[in-house]
Amino acid sequence: MRLRIAAVQLSPVIGQVEENARRAARILDKVFSSSRVKSPDLIILPELAITGYNFQSRAHIIPYLETIGGGRSYQLGRELSTKYQCHTLLGYPERYPINESGAFKIYNSAVLISPTGSVIYNYRKSFLYETDEQWGCEESPDGFQSFDLNINGRRLKSTIGICMDLNPYKFKAPFDEYEFATFCYENDVDLVLVPTAWLNSKWSEDWTDTDVKEYSKLYSEEEPVEVNVDPAQNDILMTPDTDEQFRRGSPDKKTGRYWVLRMNPLYTNPHPGKRKLVVICNRSGMEDKMMYAGTTSIMRFDGGPSHTSEATGEMFIDFNMYGSMGQGNEGVLVRDVDT
Ligand code: GLN
């Protein structure tokens, strides 16, 4: 089955929810407003897509929390889903009431909305990053999940992961446990959707004020919205690094390739005849001292055996890249992909 995916890469300004939501809608309009262009089957937006991510405390994020299906993020998802008659997935900070007296938990969630605007699935992040803990987020008690998603008459076994879910648990588990991808492999998942707020490989906790200033300057200029619809660009992540200079319009290859790496065992364990589609939708921009990686990417693991060349030590894996966006811009990646 052919699926048209539209992944929106956004650089939300923290707390400017309304403006961020409008920008996301405008970006999609750039491609799909003409009735001659086929609408997407699935739209995906980043982790905490329109609220921003780097909240400093529980008190800081409280005004932006939403119950499932009850806030501005959901409204945006419903607006997009009904407008384009498609499914929409987007991240938001969830307020989860635990009793009648108003106590609640906070989760880092992503809600999947149907073409008629109803909530199909709500996933809560299982592996937390320290920023999540800073704003009082709790781990999902349910762990990774899979569910059936019916799109265009076909049932796709699907899984959602949010950012850190792709990493070793708390960065402490052995790298080669590949917890999330192993779950996807063992549960025979066809479609893996991953909204993220992933940091740039050039960013470091040790950045000085001078580093922050230097990069902030690069972001003060406006970058054109990237409308990435050209399959000729598919391989950009895998092309050799010839030029190490930071360009906002080029992908953060290190980060993109790391995502591919973390999808093991989807490439070392064969799964003939079962293609597995992975969509990673990341945010971009700077937020306080943090710099995100953009590089929103679509890839598919095709299940043939991998092998390593004895001569060069290079590993060959059976997969396809379907494009990656720039690391420091906003825009949309649109691809038609066979599942
Ligand atoms: N490890 C991820 C990163 O470095 C985690 C960020 C997140 O969970 N938002 O960006």
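The largest nonpolar core has 87 residues, of which A7, V8, A24, I43 and V279 touch the most other members. Such a core is a set of buried Ala, Val, Leu, Ile, Met, Phe, Trp, Tyr and Cys residues joined through C-beta atoms within 7 Å. A residue is buried if 20 or more other C-beta atoms lie within 10 Å of its own, exposed if 12 or fewer, and partly exposed in between, with C-beta atoms placed from the backbone. In soluble globular proteins, nonpolar side chains tend to be buried together.

The model is predicted: local features need pLDDT of at least 70, side-chain atom pairs count only at pLDDT 80 or more, and totals for chains, interfaces and linings use all residues. Residues are numbered from 1 along each chain as its sequence is written.

Two residues are in contact if their C-beta atoms, placed from the backbone, lie within 7 Å. Leaving aside neighbours within four places in sequence, A7 is in contact with I44, V279, C281, T296, I298, V332 and L333.

A24, another of the core residues named above, belongs to the buried set of helix α1, together with V17, N20, A21, I27, L28 and F32. Viewed down the axis of α1, the buried residues fall within an arc of 120 degrees, so they line one face of the helix; the arc is that of the directions from the helix axis to the C-beta atoms. An α-helix has 3.6 residues a turn, so residues three or four places apart point the same way. The buried residues of α1 pack against β1 (2-9), β2 (42-44), α3 (72-84) and β17 (331-338), whereas the face turned away from them carries the exposed residues E18, E19, R26 and D29. Helices (H or I, at least four residues) and strands (E, at least two) are DSSP runs, numbered from the N terminus.

The 16 residues of α1 (residues 17-32) should span 22 Å at 1.5 Å a residue, and the end C-alpha atoms are 23 Å apart, which agrees. The expected span is 1.5 Å times one less than the number of residues in the helix. Helix α6 (residues 209-220), with twelve residues, reaches 16 Å from its first C-alpha to its last, close to the 16 Å expected. The number of buried residues in α6 is zero, so this helix lies largely in the open.

The loop between β2 and α2 (58-61) holds L48, and A49 lies in that loop as well. L48 has a positive phi of about 40 degrees although it is not a glycine, and it counts as buried with 31 C-beta neighbours inside 10 Å. A49 is buried with 28 other C-beta atoms within 10 Å. Beyond four places in sequence, the contacts of A49 are L10, P12, A24, S73, L90, G91, Y92 and P195.

A positive phi, near 40 degrees, also occurs at Y178, a residue other than glycine. Y178 lies in the loop between β7 (154-160) and α5 (179-186). In the loop between α7 and β10 (276-282) lies P265, and the peptide bond from N264 to P265 is cis, with omega near 15 degrees.

The residues around the ligand are E47, Y129, C163, M164, N167, A197, W198 and L199, each with its C-beta atom, placed from the backbone, within 6 Å of the molecule. By class, this shell has six nonpolar, one polar and one charged residues. Ala, Val, Leu, Ile, Met, Phe, Trp, Tyr, Cys and Pro count as nonpolar, Asp, Glu, Lys and Arg as charged, and the others, Gly among them, as polar.
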